Amino acid sequence: MARAPLGADIEALPEADRLDDFPHPRETRALYGQDAAQEVFAEAIAGGRMHHAWLLAGPAGIGKATLAYLVARAALAEPDERDMFGQGLTIEPDSRTDRLVRALSHPAQFVIRRPYDTKTKRFPQTIPIDEVRKLKGFLSLSSGDQGRRVVIVDSADELNQNAANALLKSLEEPPGRTVFLLITSAPGRLLATIRSRCRVIAMPPLSDSDLKRAAAQALTAAEMALPEEHDWDKLLPLAGGSVGRALILLGGGGLGLQARIDQVLGSLPKLDLRVVHGLADELQPIAQDRKFQLFMDLFQASLGRLISAAATGEGAQRDVELAARLIGPQRLATFAELWETLARDKADTVTLNLDRKSLILGSFARLEAASRG
């Protein structure tokens, strides 16, 4: 893996795990809402009882990668960088280890993630085996005076089958004093043999207060204005305890997209074609990839809430009323099948690079047909 020299700009190439202009997890100073997980690692490092492989599991955007880099700093820190901070994971700011980890230049740290293709100007959908094969060279090098090495996989969900099998070999025969930190939002998708070799740290969604503090930290670092209180009222239910999702919603125009989705849903069983075609035209260009992904996530989540409200009679008042009008008990199975169809269509469109406008128009057409019965 390419490493930037100390003091150079961090990674000139785009990074698959960086969100727009917000700080990367390795650049994030404070982790909110994950005190229990931090304590587990702090005690393991202080007591010299670090398991060789850890699986940081939980929803996307809740601080798993931030925790991984905090652990890397603490595990690789020199004694004089840690002593004044006691038993926690924090090390001296701007110390040598801190700067090296942030710059991806620490000789005892290795990160496996989706690489940027300079020819296609895109990231692959999965982590290829070649990225894992580089691990062999890293592990063959001296680990320095400290003797400990850290490997971060962000995220393990994105390993293709061959890459996962290659990583498994290293987990089965772990080199001495090497710690693997695997990040996952879907542990059930990983090879059972990989999961069985890891100690699992389950990390929960953030509370509203912790999410607001974490978002404020990222927004301030990116020199962006904090949301007004009335925007938080709309944002928090959509974020679902994920600061990453909250930042995507704020930085990617998520609240505006949600308002347009709500407008279309409210117009059913007759589609508001002006809004639908406007969305399809706007999200068609490949340059709008992140916004397209956000729209599809919001659209599916909105439909999921309506289905849940129709099945249980519970949820936000607007969802309950709309579900009763559009779905009711008589069309519940139809809408559940529609949700699954849309999920498959989206996956096919992304994987096969199909026409996005057709997906959006077709999805809304199916929704209109389902709501008319």
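Predicted model: local features only at pLDDT ≥ 70, side-chain atom pairs only at ≥ 80, totals over all residues.
**Entry 1**

I next traced the lining to its secondary structure. Two or more lining residues come from each of α9 (229–239), α11 (254–267), α13 (289–312) and α14 (317–326). I also recorded the lining by class: eight residues are nonpolar, eight are charged and three are polar.

**Entry 1. Cis peptide bonds**

I turned to the backbone, keeping in mind that most peptide bonds are trans. I noted a cis bond from D154 to S155, with omega near 0°. I placed S155 in the loop that runs between β3 (149–154) and α6 (161–172). I noted another cis bond from L268 to P269, where omega is near 15°. P269 belongs to the loop between α11 and α12 (273–283). I recall that α11 is among the elements that give two or more residues to the lining of the second largest pocket.

**Entry 2. Positive phi angles**

I checked phi next, given that most residues other than glycine have a negative value. Which positive phi does D94 have? I read about 60° for D94, which is not a glycine. D94 sits in the loop between α3 (79–82) and α4 (96–102). I located N353 in the loop between α15 (332–352) and α16 (356–372).

I ended with L219, a residue of helix α8 (residues 208–221). Is L219 buried or exposed? I recorded L219 as buried, because its relative accessible area is 0% and the cut-off for buried is under 20%. I then listed its contacts, leaving aside neighbours within four places in sequence. L219 touches F22, M224, A225, L226, P227, L247 and L250. Finally, I looked up the separation between L219 and K270, which are 51 residues apart along the chain. Their C-alpha atoms are separated by 39 Å.

Definitions and conventions: Residues numbered from 1 in each chain as written. Heavy atoms only, no water. Helix = DSSP H or I, 4+ residues; strand = E, 2+ residues; numbered from the N terminus. Nonpolar A, V, L, I, M, F, W, Y, C, P; charged D, E, K, R; others polar. Buried < 20%, exposed > 50% of the residue type's maximum accessible area, 1.4 Å probe, protein only. Contact = heavy atoms within 4.5 Å.
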